[in-house]
Amino acid sequence: MKKICIVAGARPNFVKVAPLIRAIEQADGAEYELVYTGREDDPTLEPSLFDDLQMPRPSVFFGVDSTSLNEITSRVMAHFDAYLDANPADVVIVVDDLASTMAAAIVTKKRGVKLAHLVAGTRSFDMNMPKEVNRLVIDALSDYLFTAGIKSNSVATREQAEGSNTYMVGNILMDTLRFNHQRLRQPSTFNLPPSSYIVLTLNRKALLADEDNLKQMLEVIAETAGDTPIIAPLRGKAFEVVSQLLSNLPSPVTLHPSPISLHPSLPYLEFGWLTAHAKGIITDSGNVAEEATFNGVPCITLNSYTEHQETVTVGSNVLVGGDADKLRAALSDLLCGNWKKCALPDRWDGRTAERIVKILLES
C-alpha cells in the first residue's frame, strides 16, 4: 500500500486537492493523509467549503499563521519534520508555490522521500516575486513534476536534469469544475439573468497596495460598463480597499449609481455558478481565468503575465496588466461581443487527477 501525504497551504489549494483525493480513494493500492499548514479556524476556510468540494477536512493542522514568509518557512519545516517522524510517507504531494509549499518540499527531499509538485513549471520570470523563488526551488527538488500545459511542460523539462520526471497531466482545476458542473447553485442574493452581468474579483496584494492605480481602474470599469451590472464578491482586505475607493470615485462617476456592486465573498458552488454564467470576468486571479477558459467566458486579467499561457493563446483570457487604457479597450470589446474565439487547451478535460494517481502507482 503506497502512503501518500498531501500538503495544502491555502484555501485555493483545496480546489485542486479535492479531485486528487477522489482519485486516490477510487484506486487500489494507495492511501492518503491530508495536511493543512494553517490554522484549524482559518477564516478563509468557510464552513461550506469542504461540503461544496465533496472532500474531507484535513486530518492534521500545523496552525502556522504569519505574514512573514521566512517565519512561515521555518515553522512549517519544523512541524512537517516532526509529522514525518510519526507518519512516514512514500510520496509527498505539494500544491502550487507558497512559502509553506517550499518548506514541505525541502523537508521531504532532505528525508529522502519522493516529492511530487502540483502544479509544476509555472514561471513569471520575475525573481523579485517570492513565489518565483518558491517555484524554482520546489521544481528543482521534485521527483514528479505534474504540469498543466505545453509551456509549463517545456519549462520543467528544460530545467530538470532528468526530463523523464516531467508529466503533462493537464489542469486539475478542470477536474473540480467538471465534477461540480451539475451541483453549482445560483446565489440567492443575485436575481440576474445569465450573460447579463460582469464578475469582478481582486486579491493580488500588489494591485491592492497601489490604490491610486486601482482607483483609476475602478473608474474605467464604472465608466465603461454603462448599464451592465458589475458584481464584485470580495473578501478581507480587498473588500475594505475597494469599498473605500468606490466611495471616493470622482463626480462624473458618482453622479449616477455606480454599476459596481460590492458583496462579501461567496461559497464555492455559488461563486462557480456566478462566473460560469457571466457575460465576462475581470480578475487578477489565475485560477479564475483558468476556470473562465473551461467555461468559455471572456476574461480580462489585471496582470502582465499568467502562469498558464494557454488561457491566452487558446482560451478566453486577455492580459491588460495595470494599464487603464488597455482595460477600457478590452472591456469595450467584451461588452459589444467582439471577443476572440476560444477553445479548451490540451488535456484540460477533467481527468488530470486520474493521470496523476496512475503515474504514482505505476512508478
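1. Contact here means heavy atoms within 4.5 Å. Axes are lines fitted to C-alpha atoms, for helices over the stretch in contact, and angles between N-to-C directions run from 0 to 180 degrees. Helices (H or I, at least four residues) and strands (E, at least two) are DSSP runs numbered from the N terminus. On these terms, helix α6 (residues 150–159) lies across β6 and β7 and runs at about 175 degrees to β7.

2. The model is predicted, with local features requiring pLDDT of at least 70 and side-chain atom pairs counted only at pLDDT 80 or more, while totals for chains, interfaces and linings use all residues. Residues are numbered from 1 along each chain as its sequence is written, and side-chain values use heavy atoms, with hydrogens and water left out.

3. The sheet is open and has seven strands in the order β3-β2-β1-β4-β5-β6-β7, with parallel pairing; two strands pair if DSSP finds at least two bridges between them. The edges are held by β3 (60–61) and β7 (166–168), each with a single partner strand, so one side of each has no neighbour in the sheet. Helix α3 (residues 69–86) packs on the sheet and touches β1 (2–8), β2 (30–36), β3 and β4 (91–95), its direction making about 160 degrees with that of β1.

4. T147 has M168 of β7 as its bridge partner.

5. Nine aromatic pairs occur in the structure; rings of Phe, Tyr and Trp (its six-membered ring) pair if their centres lie within 6.5 Å, and planes under 30 degrees apart count as stacked, over 60 as edge-to-face and the rest as tilted. The rings of F80 and Y83 are stacked, because their centres are 5.8 Å apart and their planes stand at 10 degrees. Both F80 and Y83 belong to helix α3, three residues apart, about one turn of the helix.

6. Helices α1 (residues 11–26) and α16 (residues 352–362) have axes that come within 8 Å and cross at roughly 50 degrees. The two are therefore oblique to each other (angles under 35 degrees count as roughly parallel, over 145 as roughly antiparallel, 65 to 115 as roughly perpendicular and the rest as oblique). Their crossing is right-handed; a crossing is left-handed if the near helix is turned anticlockwise from the far one by less than a right angle, and right-handed if clockwise. P19, L20, A23 and I24 of α1 make the contact with A353, E354, I356 and V357 of α16.

7. Helix α4 (residues 99–110) packs against helix α5 (residues 130–141) at an angle of about 25 degrees, the axes being 9 Å apart. The pair is therefore roughly parallel, and α4 passes α5 in a left-handed crossing. A99, T101, M102, A105, I106 and K109 of α4 meet N134, V137, I138 and L141 of α5.

8. The axes of helix α9 (residues 211–225) and helix α15 (residues 324–335) come within 10 Å and cross at roughly 25 degrees. This makes α9 roughly parallel to α15, and the crossing is right-handed.

9. Two backbone details deserve mention. A cis peptide bond joins L118 and V119, with omega about 15 degrees; V119 is in the loop between β5 (114–118) and α5. D96, a residue other than glycine, has a positive phi near 65 degrees and sits in the loop between β4 and α4.
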